[in-house]
Amino acid sequence: MEEKNYITPVGHERIKTELLQLLNLDRPEVVKVVHWAASNGDRSENGDYIYGKKRLREIDRRIRFLNQRLEFAVVVDNSARKSGAQDAEQIFFGATVTYSPLKGADADKEITITIVGVDEVDLEKNHVSWVSPIAKALIKARLGDCVKIQTPTGPTEIEILEVQYL
């Protein structure tokens with residue numbers, strides 16, 4: 001059995017949108033090109049046909065992958081935490097956390113990350129996977145807690161300054 005694929009509602013929608021784009025627009029367009037190229041005769045030296053078939057295999061592979069990710073997707077909805085019905089000061093999947101290292105070169109520097117699913121990781125936006133070392137250390141911690149994490153330069157301690165559910 002495949003492992004559960006935890007994902008935010010935004011990430012789930014992005015994957016569904018990509019899948020529909022591939023199924024409804026990209027794949028039919030490539031099929032038209034391949035059909036046209038095949039009707040031109042000799043396929044062994046027909047670049048449009050060869051490239052089209054290759055592109056079709058790539059699209060089909062991506063469709064299978066996205067279907068599999070959606071099949072095992074568990075959408076984590078934090079609306080209760082956003083509305084205040086549940087504790088919004090404890091860190092769980094989907095939280096945006098601002099923290100500050102207590103020692104070292106980055107001491108007192110504020111760093112903000114969002115804990116997301118493995119399909120949503122984007123380091124430029126500071127979106128980290130829930131299975132990353134920093135996220136594992138932060139999950140279940142609370143606002144104001146100091147947490148020890150293992151970094152490439154050794155263990156360090158960070159203070160949690162803010163927890164939000166956007």
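**Close-up 1. E120, a buried charge without a salt bridge.** In this predicted model, E120 is buried but takes part in no salt bridge. Which side chain of opposite charge is nearest to E120? That is R14, and it lies 5.9 Å away. To find E120, look in the loop between β4 (111-116) and β5 (127-129).

**Close-up 2. The partners of E120.** Even without a salt bridge, E120 has other partners to look at. Its side chain makes a polar contact of 2.3 Å with the side chain of T8. The E120 side chain also reaches a piece of backbone, the nitrogen of G11, at 3.3 Å. With neighbours within four places in sequence set aside, the residues in contact with E120 are I7, T8, G11, R14, F93 and H127.

**Close-up 3. Helix α2 from end to end.** Here you can follow helix α2 through its 25 residues, 47-71. From the first C-alpha to the last, α2 reaches 36 Å, close to the 36 Å expected at 1.5 Å a residue. At the N-terminal end sits a cap: a side-chain oxygen of N46 lies 3.2 Å from the backbone nitrogen of D48.

**Close-up 4. The buried residues of α2.** Which residues of α2 are buried? They are Y49, G52, L56, I59, I63, L66, R69 and L70. An α-helix has 3.6 residues a turn, so residues three or four places apart point the same way. Among the elements that cover the buried residues of α2 are β1 (5-7), α1 (9-38) and β2 (73-75).

Close-up 5. Side chains of opposite charge can pair when their charged atoms come close. The model has 5 salt bridges in total, and one of them joins K16 and E13. The closest N and O atoms of K16 and E13 are 3.9 Å apart. Because they are 3 residues apart in helix α1, K16 and E13 are separated by about one helical turn. Both are partly exposed: K16 has a relative accessible area of 34%, and E13 has one of 42%.

**Close-up 6. D60 and R27, a link between two helices.** How far apart are the closest N and O atoms in the salt bridge of D60 with R27? The distance is 2.6 Å. This pair links distant parts of the chain, with D60 in helix α2 and R27 in helix α1, 33 residues apart. D60 is partly exposed at 22% relative accessible area, and R27 is also partly exposed, at 29%.

**Close-up 7. D119 and R69, a loop joined to a helix.** A salt bridge of 2.9 Å, N to O, brings together the side chains of D119 and R69. D119 lies in the loop between β4 and β5 and R69 in helix α2, so the pair ties together parts that are 50 residues apart in sequence.

**Close-up 8. Q164 in strand β7.** Our last stop is Q164, found in strand β7 (residues 154-164). Q164 is partly exposed, with a relative accessible area of 32%. Its side chain and that of E162 are joined by a polar contact of 3.1 Å. Not counting residues up to four places away in sequence, Q164 touches G94, A95 and T96.

Notes. Residues numbered from 1 in each chain as written. Predicted model: local features only at pLDDT ≥ 70, side-chain atom pairs only at ≥ 80, totals over all residues. Heavy atoms only, no water. Helix = DSSP H or I, 4+ residues; strand = E, 2+ residues; numbered from the N terminus. Buried < 20%, exposed > 50% of the residue type's maximum accessible area, 1.4 Å probe, protein only. Lys, Arg positive; Asp, Glu negative; His and termini not counted. Salt bridge = Lys/Arg side-chain N within 4 Å of Asp/Glu carboxyl O. Polar contact = N/O pair within 3.5 Å; in protein donor to acceptor, adjacent residues only side chain to side chain. Contact = heavy atoms within 4.5 Å. Expected span 1.5 Å × (residues − 1).
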